[in-house]
Amino acid sequence: MKRANAPVSIQSKKKRKWPMIALILAMVLGTVLYGLADRYLIPHVQVAVVDESLSSGTNAAAADVVAAAAEANAASDDWNYSSDDIDIAIEKKVIGSGSDQTIYYAADVVLRDAADLKSALAGNSFGTNITDTTSNIASSAGAILAINGDYYGFRDDGVIIRGGTLYRDEPARDGMALMSDGTMRTYDETTTSASELLASGALNTLSFGPVLVRDGEIAGDFGSVSIDKNFGNRSIQDANPRTAIGMISANHYVLVVVDGRSEESRGMTLTELANAMKDLGATEAYNLDGGGSSTLYFMGRVVNNPQGENKERGVSDILYVGEGE
């Protein structure tokens, strides 16, 4: 009798194993999905930045821009802004034709005070996965002109100084610093300490790259550039939307945003971007986060065509020009 029942017992045990296996697989999958969400989706505030000028709300910030412009004797139109302390001239450039056409925007910026080129953070907080559109961050900050920054929150490394405060010190790649004397400095994060940068007057550092122009010359071969190894990255070697900042001379900058991934604009390779920055007169130039992030904001409007769909992507931070403190 026992032998006759044995096969049934074994089969029953096998059937009971499947729910257990399914439960284990579900737990493993859930753990993996939570880990990915925690790394790339769930906001983690590390530092709340205390700055009344960035917490007064969009309407108040917009009013502040108008008031500051009036006080600075500013005049402006859709492409230009001029005041006692700031001169901005934006030019739309079209190169090539047909499927090789590229549209990009170059903002020539002359400042009287290096502190007028600033950084602002999404949610007025430093951390990971904290994002907002460039235009929203810019409007809240009272920006006249703004571009997306380095999207520091997508990575957990890099040397990040903003407004003279060190927020992250995890050297990883070539960085760029905006200095208190109005100059722009590129450096190797792994051989230049954060304390050295602060001591020499770094106001803001960005960690993306690569360096495009150094000492007036194209910085090198861009064929094997790797910014990070995060999940979901696409190659940055091909023609893509781009954002870059260059220095022509102290307190004289050129900010460039390139449209791409659309029928009217293919984007630029890094080599093409480096050449464009040099042609614009940049003696130093640095590549910032591009792709869907690339956005140029000026006087309350988005000038370019983000993502080829006039649709902004959320970013961690911006660089912007604003009047006064």
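How many of the ten residues of strand β5 (residues 102-111) are buried? Eight are, so β5 is largely enclosed by the rest of the structure. Here, buried means under 20% relative accessible area, with exposed being over 50% and partly exposed in between (1.4 Å probe, protein chains only). Strands (E, at least two residues) are DSSP runs, numbered from the N terminus. The model is a predicted one, so local features need pLDDT of at least 70 and side-chain atom pairs count only at pLDDT 80 or more, while totals for chains, interfaces and linings use all residues. Residues are numbered from 1 along each chain as its sequence is written, and side-chain values use heavy atoms, with hydrogens and water left out.

Now for the partners of β5. Two strands pair if DSSP finds at least two bridges between them. Strand β4 (residues 86-95) pairs with β5 in the antiparallel sense over ten bridges, and Glu91 stands opposite Ala106 in β5. These two strands make a hairpin with six residues between them; in the turn, Gly96 has a positive phi of about 75 degrees. Strand β17 (residues 252-258) also runs antiparallel to β5, joined to it by seven bridges, and here Val109 stands opposite Tyr253.

Val109 and Tyr253 turn up again in the largest nonpolar core, being among the residues with the most contacts inside it. A nonpolar core is a set of buried Ala, Val, Leu, Ile, Met, Phe, Trp, Tyr and Cys residues joined through side-chain atoms within 4.5 Å. Apart from it lies another core, of 17 residues, including Val256 and Leu270.

Key
Helices (H or I, at least four residues) and strands (E, at least two) are DSSP runs, numbered from the N terminus.
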